[in-house]
Protein chains: 2
Amino acid sequence: MTKVAALVSDRPVVRKRDAEATQAAILAAAKSHFARSGYEGAFLRDIAADAGVDAALINRYFGGKDGLFAAALKHSIRPHAFHDWQRETFAVEMAKMMAGHAHQDMDRTHAFQFLLRAATSPVTAPLVNAAVQERFMGPIRAWIGGPNVEARARIFAAVFIGLLVERLIRDEPLEGRERKVFIERTAAVLQSLVEA
Amino acid sequence: MTKVAALVSDRPVVRKRDAEATQAAILAAAKSHFARSGYEGAFLRDIAADAGVDAALINRYFGGKDGLFAAALKHSIRPHAFHDWQRETFAVEMAKMMAGHAHQDMDRTHAFQFLLRAATSPVTAPLVNAAVQERFMGPIRAWIGGPNVEARARIFAAVFIGLLVERLIRDEPLEGRERKVFIERTAAVLQSLVEA
DNA sequence: GCTCTATGTCAACGGGCAATGACATACGCG
DNA sequence: CGCGTATGTCATTGCCCGTTGACATAGAGC
């Protein structure tokens, strides 16, 4: 696609030589493909094609499919900015986001799909679990605080993940009164979980 | 394994000729492998070996890998017995189950992993979503009842799924006081969701 | 402008997998 | 007992994917 566009436009046919940009393009394509198809279902040729690059470059820059996956994983798990959340308002904000459609937030949706798939595969699960513990559960525990953090953090994480999955599976967004009720009650649940 | 056992025992070396049992064995092995490894990561040779059968039989009975996957999917989604749940006790029962370890219930765990994987793949997602709607969300709506069923059922489903995922990801089960608190608060959340 | 290196492309190979068709044999039926 | 079909096995084939090494060329440094 990129190449075709280049052919009909006035831009040069040959790819600009920019290693950094190329790696970024490969990584972006990889995250998308891994998210949609999982590790085994994603093919290097397809990823390379999406990035507008020859497949051999993946081996040069990432040392093979494994390396590319690891890089994509590392790039997908970044610590959520829990510290920015206000205890008084976060619940409603989050509930509103969950009531919306997944397509509105494709970047995060892809990242989440990617993690979900990787977490359910025994090959990649250890990597994911370790990263999730460190970069997701850790911050959540710190943010929630209070007694019995472990139990409460787990429930919070479960609800959080469940809402994301539900949003992912569902095609039709909620409307009108149902939407309003969904937000109210979801916010109530979330709020109750951060209180000791 | 089956063959080896047969060799050292007094039972015949050659497999008993029972098409129905063979198909059931293949299907069971397939569900397990698809759950663990996804569609692309599961190999017919391995499935056949687990079932104690030659791989060619899969093609004969299920018409190829696609057919086997479809059969396994169909077999994995069966309506949950919500009608058996008692409104007063289900919350605690479910919370206790969620506090336990996934290994204690491998059959359901595999089925859930299988569905989760299938639901996040664009190829199989439509099949899964339709079946989930009919055989999971439908019964939940009916069981919950009351006003704004749609919104409340979705939150309930989200929490349910989230708890399953959390249980799946976690290796270490909760112990002692944390476990007690987890059950109490999880039960409280679940209970609140079935009340109008 | 020459050269050298980093970047990008191409063609081929080797392994592994699903699928296929020929072959073997148990079991029902006469 | 003999035959035929359903069931199970084996060897082969063809395809697809990841990887590799040789080749091409832009662009920097001199």
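How many residues of chain B are in contact with residues of chain A? In this predicted model, 46 residues of chain B are in contact with 47 residues of chain A, contact being heavy atoms within 4.5 Å. Local features need pLDDT of at least 70 and side-chain atom pairs count only at pLDDT 80 or more, whereas totals for chains, interfaces and linings use all residues. Residues are numbered from 1 along each chain as its sequence is written, chains are lettered from A in the order in which they are written, and side-chain values use heavy atoms, with hydrogens and water left out.

Chain A comprises 10 helices and zero strands; helices (H or I, at least four residues) and strands (E, at least two) are DSSP runs, numbered from the N terminus. The C-alpha trace of chain A spans about 60 × 40 × 30 Å along its principal axes.

Within chain A, helix H6 (residues 90-99) packs against helix H9 (residues 149-169) at an angle of about 30 degrees, with the axes 10 Å apart. Axes are lines fitted to C-alpha atoms, for helices over the stretch in contact, and angles run from 0 to 180 degrees between N-to-C directions. H6(A) and H9(A) are therefore roughly parallel to each other, a term for angles under 35 degrees. From H6(A), A:Phe90, A:Met94, A:Met97 and A:Met98 meet A:Phe156, A:Phe160, A:Leu163, A:Leu164 and A:Arg167 of H9(A). The residues of this contact comprise eight nonpolar, no polar and one charged.

Between them, chain B and chain A bury about 4000 Å², of which 59% lies on carbon and sulfur atoms; buried area is the accessible area (1.4 Å probe) that two parts lose on being put together, summed over both. On the side of chain B, the residues losing the most area to chain A are B:Thr120, B:Arg154 and B:Arg185, together 18% of what that side buries.

Four salt bridges are found across the interface of chain B and chain A, each defined as a side-chain nitrogen of Lys or Arg within 4 Å of a carboxyl oxygen of Asp or Glu. A salt bridge also joins the side chains of A:Glu150 and B:Arg170 (3.3 Å, N to O). H9(B) gives the most to the side of chain B that touches chain A, with 15 residues.

Conventions:
Parallel < 35°, antiparallel > 145°, perpendicular 65-115°, else oblique. Nonpolar A, V, L, I, M, F, W, Y, C, P; charged D, E, K, R; others polar.
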